[in-house]
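Thanks for asking me to take a look at this one.

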Amino acid sequence: MAGCFITFEGGEGAGKSTQIARLKNRLGQLAQPVIVTREPGGSPHAEEIRAFILGGHAKHLGPFAEALLFAAARIDHLDKTITPALRSGTHVLCDRFADSTRAYQGSVGNIDKGLIDQLETVTLQGVKPHLTFILDLPAEVGLARAGARQAGKGEGADRFEEEDISFHQSLRQAYLSIAQAEPKRCVVINADQDPDEVETAIWTALRERLPPMTEPATRPLDVA
Ligand code: T5A
């Protein structure tokens, strides 16, 4: 793989989409080839599965069935979007990935860790993010941001946003545990600050972890 695979994780309203757009802009100014994608979704069939899950249609099946549906969407997303981009030397910025299944369905949904590990192995087929930014903030702050944005658009809460506060507080701890278990891949970013400060923290970490990405692209990428 010639491109870098970077994922953004965190609770609801953490600011992932905002920061992904800013990072894409910065990389574009350096002529770095980059695409932005998201989970669940990121390919036509995965977007269909997204609508089904976030519409709440799989909730009654329980967390493991939901994890299988997220995995099915992920297989198509990898196959159609992520892997071809990385092979062609394009960086991929992805809004949520396998850590979301580990946190939401695994830790908070109480699915056995060994089962989540096995599911991840068969789903990812060895494709792992080079770097994962975990945007960390109190659950109440993130939910308030997500709620305000939805109110502005006249939308309601989705399948997971409507869970109670203890669900979202557990989620925050689940992400911090993931970061603690994989410090080489994960960087925790304080997302409870001004968007410009969050952007600077992300750029600084990127420069430390993947320096070729933060320089002008003057030759074919060789950063695998
Ligand atoms: N899910 C997903 C699983 O359960 N398992 C899985 O395996 C996967 C892949 C996806 C849902 O599916 C679940 C997790 C999710 O519940 P989604 O619609 O894609 O749902 O929603 P989220 O990924 O949660 O994304 P959000 O859009 O809710 O949040 P973001 O992208 O983190 O936040 P963003 O950038 O849209 O910002 C939210 C609001 O806050 C403002 C923005 O302007 C916006 O209005 N904002 C800030 N305000 C103040 N300070 C800052 N620093 C700010 N940054 C942004």
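**Notes on the model**

1. Let me begin with D136, which is buried at a relative accessible area of 14%. Here buried means under 20% relative accessible area, exposed means over 50%, and partly exposed is in between, with a 1.4 Å probe and protein chains only. Please keep in mind that this is a predicted model, in which local features need pLDDT of at least 70, side-chain atom pairs count only at pLDDT 80 or more, and totals for chains, interfaces and linings use all residues. Residues are numbered from 1 along each chain as its sequence is written, and side-chain values use heavy atoms, with hydrogens and water left out.

2. The partner of D136 is R172: their side chains meet in a salt bridge at 2.8 Å, N to O. (A salt bridge is a side-chain nitrogen of Lys or Arg within 4 Å of a carboxyl oxygen of Asp or Glu.) This pair links distant parts of the chain, with D136 in strand β4 and R172 in helix α7, 36 residues apart. Helices (H or I, at least four residues) and strands (E, at least two) are DSSP runs, numbered from the N terminus.

3. R172 is partly exposed, at 28% relative accessibility. Leaving aside neighbours within four places in sequence, R172 is in contact with D136, L137 and P138; contact means heavy atoms within 4.5 Å. V108 is 64 residues away along the chain from R172, and their C-alpha atoms are separated by 9.8 Å.

4. Next, which residue forms a salt bridge with D95? That residue is K16, and the closest N and O atoms are 3.9 Å apart. K16 lies in helix α1 and D95 in strand β3, so the pair ties together parts that are 79 residues apart in sequence. Both K16 and D95 are buried.

5. How many salt bridges does the structure hold? The count is 19. One of them joins R159 and E163, with the closest N and O atoms 2.7 Å apart. R159 is buried, at 8% relative accessible area, whereas E163 is partly exposed, at 22%. Salt bridges that share partners also join D99, R102, K113, D117, E120, K128, E182 and R185 into one network.

6. The largest nonpolar core has 24 residues, and I6, F8, L23, F133, L135, I202 and L206 touch the most other members. (A nonpolar core is a set of buried Ala, Val, Leu, Ile, Met, Phe, Trp, Tyr and Cys residues joined through side-chain atoms within 4.5 Å.) At least two residues of this core come from each of β1 (5–10), α1 (16–29), β4 (131–136), β5 (186–190) and α8 (195–209). The largest share, five residues, is supplied by α8. A second, separate core of 15 residues includes I53, L54, Y104 and F160.

7. Not counting residues up to four places away in sequence, I202 touches F8, Q19, L23, F133, L135 and I189.

8. Finally, have a look at E140 in helix α6 (residues 139–153). E140 is partly exposed, at 42% relative accessibility. Not counting residues up to four places away in sequence, E140 touches I165 and Q169. With Q169 there is a polar contact between the two side chains, at 3.1 Å.

Technical notes. Polar contact = N/O pair within 3.5 Å; in protein donor to acceptor, adjacent residues only side chain to side chain.
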